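Please view the sequence and the model together while reading.

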Amino acid sequence: KEESGLLLELVEVKRHFGGIKAVDGVSMQVLAGHVHGLIGPNGSGKSTLVNVISGLYAPSAGQLRLRGEDLPKGSLFKVSRAGVARTFQNLQLFAELSALENVMVACEGAYRKSLPLVLLGFAYGEEHKAQADALALLELVGLANEARTKAKDLPYGAQRFLEIARALARKPKLLILDEPAAGLAHPDVLNLIEIVRKIRARGITTILIEHHMSVVNEVCDFVTVLDEGKIIAQGLPDDVKRDPHVIAAYLGD
Ligand code: ADP
Ligand code: MG
């Protein structure tokens, strides 16, 4: 099921907070199968933009379309139903549940009702499938050996990767990762790069917010650069990092 073409389209999207123009007329296209980098200095509007895409905030103006259909506005639940999953800058794990359970509770539909059984240690039929799928996702993020470990007992980097597995459990068309490398030690940054590549290999489209140009260079097919709520450059990572506007914006950061 190779998908191609335009997945997400934003037209003149704005989100203002009182007098603050956090996102100020952003038009961009995310192609299916791409890892689309979203970069820019602190306060440039990256999180606000993905908060609008994912439905946490309603846009002040503009259009958002996923595969040509209008995305629901201002509803995390409805946008998630439409096929968009995200991680947050703050971790959202269930501390007392195991890594496996954390992935399973993130699953939708049929898995929901089977979770109580799974937590009690029963796994038949559909429950078994749910467990197998969750384990496969833990494997993808390098946590297969930690399936039974409580989330609170995992190291910080592993907790971040568990969040990614939870987002993938929703089987999204579009995955949004907001600064997944934040606070990671170097070996985990390398692990993260590997995970993003595996997600791409599965055909899942990703918007990756990232502060480090090196990570962007390693994994992104295309990059959009924001500054003060507006796009100041777009293109291939190699071209964008040489763009004088981008260099100037980062020097001022
Ligand atoms: P980034 O993620 O690029 O660092 P943000 O999107 O978090 O930037 O912030 C962009 C601007 O919007 C900042 O000036 C920030 O203070 C402001 N902002 C973000 N969220 C809110 C909010 N909920 N209320 C008021 N201002 C906000
Ligand atoms: Mg942010």
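Helices (H or I, at least four residues) and strands (E, at least two) are DSSP runs, numbered from the N terminus. The model is predicted: local features need pLDDT of at least 70, side-chain atom pairs count only at pLDDT 80 or more, and totals for chains, interfaces and linings use all residues. Residues are numbered from 1 along each chain as its sequence is written, while chains are lettered from A and ligands numbered from 1 in the order in which they are written.

**Helix H1**
- Seven of the eight residues of H1 are buried, a term that requires 20 or more other C-beta atoms within 10 Å of the residue's own, with exposed meaning 12 or fewer and partly exposed in between; C-beta atoms are placed from the backbone.
- Lys46, Thr48 and Leu49 are among these buried residues.
- Just after H1, Gly55 adopts a positive phi of about 90 degrees.

- Most residues other than glycine have a negative phi.
- Glu12, in strand E1 (residues 6-17), has a positive phi near 50 degrees.
- Glu12 counts as exposed because it has 12 C-beta neighbours inside 10 Å.
- Arg67, in the loop between strand E4 (61-66) and strand E5 (69-70), has a positive phi of about 50 degrees.
- Arg67 counts as partly exposed because it has 16 C-beta neighbours inside 10 Å.
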